Structures are given as structure tokens and as C-alpha cells.
Amino acid sequence: MGAAASSVLTRLGLALPASAQHRAAWLGAAALGLAAAAALGAAAWSTRGRRSRRRRGPRRLQQVGTVAQLWIYPIKSCKGVAVNEAECTEMGLRSDNLRDRFWLVIKEDGHMVTGRQEPRLVLISIKWENDQMTLSAPDMDDLVVPQKIPSTNAIRNCRVFSVDIQGRDCGDEVSRWITSYLKTETFRLVQFETQMKGRKSTEIFQPFIQNYQVAYPDCSPLMMISEASLSDLNTRLEKKIKMEQFRPNIVVTGCSAFEEDTWDEILIGSVEMNKILACPRCIMTTVDPDTGIITRKEPLETLKSYRLCDPSEKHIYKSSPLFGMYFSVEKTGSLKVGDPVYLITQ
């Protein structure tokens with residue numbers, strides 16, 4: 001570790017483990033725990049990550065992985081943009097003015113539209129240059145959407161999973177473009193602005209202790225998955241799938257399958273994150289990111305065979321299989337591909 005990284009850890013009041021043997025012992029214990037859970041045929045999901053913690057004594061760091069990929073999804077359900085580094089705000093990842101899920105496709109009545117209803121949204125790709133967003137889609141001319149929407153454009157009342165939120169209308173030209181592409185009804189694009197009120201965690205999950213806000217993401221500012229978890233799933237599938245079907249913000253390498261389920265508090269770069277809960281999966285995962293075709297079957301059916309919640313948490317997850325973990329942002333900062341992922345312990 002370089003001097004700059006050591007300085008960051010010092011400022012955060014964190015210390016590295018005394019030896020590599022300490023890490024090896026910890027990973028061995030974690031592996032045994034995961035094996036036991038697999039033998040039971042279901043994962044038990046700790047809710048400790050959703051409670052505020054009173055820290056006593058010095059905190060220590062145990063490296064549990066490395067950041068392999070960072071993804072920002074500017075428009076909900078459209079293609080992601082891979083970045084090498086990002087700022088992590090309280091509302092998620094940001095690269096310059098490119099923000100995670102700060103744009104949303106809606107119907108004229110304000111209800112959100114995602115790949116669940118319009119699977120071909122996943123084929124819209126986004127390029128960000130000179131502070132403007134360029135949209136591309138099959139059989140469509142490219143369209144430039146300025147980052148700064150005129151203040152004279154209407155503010156629309158939107159509905160995201162039964163929660164009200166606003167968005168600035170991006171104009172008639174982009175509305176015609178999306179409508180012409182999807183060819184089902186009239187659609188509009190809205191942009192969340194920082195002075196607007198986000199959706200509160202207490203509106204998304206009841207009851208809830210952590211207090212945060214999001215714009216248009218499903219549940220939280222960040223979602224994380226390990227490469228090993230996807231590899232494990234692919235060993236059970238006839239047709240292999242890509243990480244893009246799960247749309248994580250942070251992809252981690254160098255850990256065991258589903259080890260991310262056990263990380264309550266983590267540090268990446270200068271960003272501290274707290275676990276909220278596991279990500280309950282829906283038919284969105286069955287949309288092929290290369291074709292825009294929805295099957296409503298795999299990988300959901302296979303995930304349901306071994307990734308259901310503990311019966312004690314059915315009131316949270318119901319019958320949805322779990323894959324990936326949601327995190328809130330405890331301390332904002334920056335992170336990049338190649339950063340170590342540290343578990344914070346006492």
C-alpha cells in the first residue's frame with residue numbers, strides 16, 4: 001500500500017490487519033460459514049447491515065476483494081457506462097456530470113417505464129462527451145441530450161414503485177425519439193435535479209433504520225456483486241449469462257461466491273458503505289442485454305432453487321431469489337477500478 005492510501009486509512013481511523021495469516025484465517029472461517037449455508041439449501045440474510053452501529057474501540061481492515069468494474073446507469077433500464085473511477089455521493093456513483101439513474105423514461109401519466117415493461121430499453125446505449133449525453137439504439141439515428149435541461153421545461157410528477165418523485169422533462173425531441181424506437185405508446189424522458197427531493201429509504205422499505213435518499217434506482221445508492229457469485233450461478237445454467245443482466249454498480253473480484261453477503265461495513269478508496277439488505281431479483285434479470293428479449297424464466301428459476309431467503313425474512317423478500325447486495329453510503333469519497341475492498345471490523 002502506498003503512502004497516500006495509508007494516509008487515507010489513518011484519517012478514517014482504520015488499521016490494517018497485522019499479518020497475511022490473519023486474512024487467511026478470516027477467509028477460511030468465511031468459507032466454512034458459506035459452505036454451511038449452502039448445505040442448508042438457503043441463505044440466511046443478516047439484517048445487521050440495516051442498523052446504525054455504535055463503534056467501540058479501534059476499527060480494523062481485512063481485505064476481502066478488489067474492485068474489478070464500476071458501472072453507472074444514467075437512464076434507468078438502459079445500458080450502463082463502464083468507468084475506471086468515480087465519485088461516490090450519498091445518492092450513488094458520479095463521473096463528472098454523469099449520474100447513476102438520474103434519468104427516467106416515463107409514460108405521459110408519469111409512471112416509470114423499465115425493461116420489465118419495455119425490454120428493448122436495454123439496447124439503448126449512452127455515450128457521454130462534452131457534457132452531453134448521446135443516445136444510440138438499433139435502427140435509430142443518434143440523439144444528443146444536453147446535460148443542462150432548460151429551466152423552462154416542465155417539472156413532471158413521476159411514480160417509481162408507488163413512490164412520488166419529480167423530474168425535469170427533457171423535451172419533445174427526445175420524447176419522439178424514444179416513442180419512435182419503442183413503438184408502443186408515447187414516452188417521455190425526465191431528469192432528476194439535485195434540488196429535488198429524492199425517494200426516502202423509509203418510503204421504499206418499512207420499517208427502516210438507515211436514512212438515505214435515491215433518485216430513480218430501485219432501492220439504494222449502490223449495488224454490489226462478486227464475479228465469483230456469477231461464476232457459481234453460471235455453473236448451474238445451460239446458457240451462461242453476463243453480469244450486465246444484474247446491473248451492479250460495483251463488481252468485485254478475489255473473493256468466494258456470495259461472500260459479499262457477509263460484508264456489513266466496507267471501505268473502498270475513501271468511501272465507507274453499510275449493507276442494507278440483499279437484492280431481491282425479478283423478471284428484469286431475464287432480459288437479454290444483447291437482444292432485448294425477455295424470457296421470464298432464466299436465471300430466475302435457477303436462482304429460486306438455491307438463493308431464497310431464510311423463512312424468518314420472508315416478510316422482506318417474499319418469494320424473490322437474492323443475488324447481489326444493496327449498500328448505503330456512510331462516508332462519501334472516490335473509488336476506482338483496482339481499489340482493494342476492505343471489510344471494516346472491530
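## Asp-139, out in the open

Asp-139 is exposed, with a relative accessible area of 82%. Here, exposed means over 50% relative accessible area, buried means under 20%, and partly exposed lies in between (1.4 Å probe, protein chains only). You'll find Asp-139 in the loop between β9 and β10 (143-146). Its phi is near 60°, a positive value in a residue other than glycine.

A quick word on what you're looking at: this is a predicted model, where local features need pLDDT of at least 70, side-chain atom pairs count only at pLDDT 80 or more, and totals for chains, interfaces and linings use all residues. Residues are numbered from 1 along each chain as its sequence is written, and side-chain values use heavy atoms, with hydrogens and water left out. As for the labels, helices (H or I, at least four residues) and strands (E, at least two) are DSSP runs, numbered from the N terminus.

## Asn-130, another positive phi

Now look at the loop between β8 (125-129) and β9 (132-136), where Asn-130 is found. Asn-130 isn't a glycine, yet its phi is positive, at about 50°. Asn-130 is exposed too, with a relative accessible area of 73%.

## A four-stranded open sheet

Next comes a sheet. Four strands make it up, in the order β6-β5-β4-β21; the sheet is open and its pairing is antiparallel. β6 (98-99) and β21 (333-336) stand at the edges with a single partner strand each, so one side of each has no neighbour in the sheet. Two strands count as paired if DSSP finds at least two bridges between them. In general, strands of a sheet pair through backbone hydrogen bonds, either parallel or antiparallel.

Strand β4 (residues 85-89) pairs with strand β5 (residues 92-95) in the antiparallel sense, over three bridges. Across that pairing, Cys-88 stands opposite Leu-93 in β5. The two strands, β4 and β5, form a hairpin with two residues between them.

Then β5 pairs with β6, again in the antiparallel sense, over two bridges. Here Ser-95 stands opposite Leu-98 in β6. β5 and β6 form a hairpin as well, with two residues between them, and Asp-96 in the turn has a positive phi of about 55°.

One last stop is a peptide bond. Glu-298 and Pro-299 are joined by a cis peptide bond, with omega at about 10°. To find Pro-299, go to the loop between β19 (271-280) and α6 (300-306).
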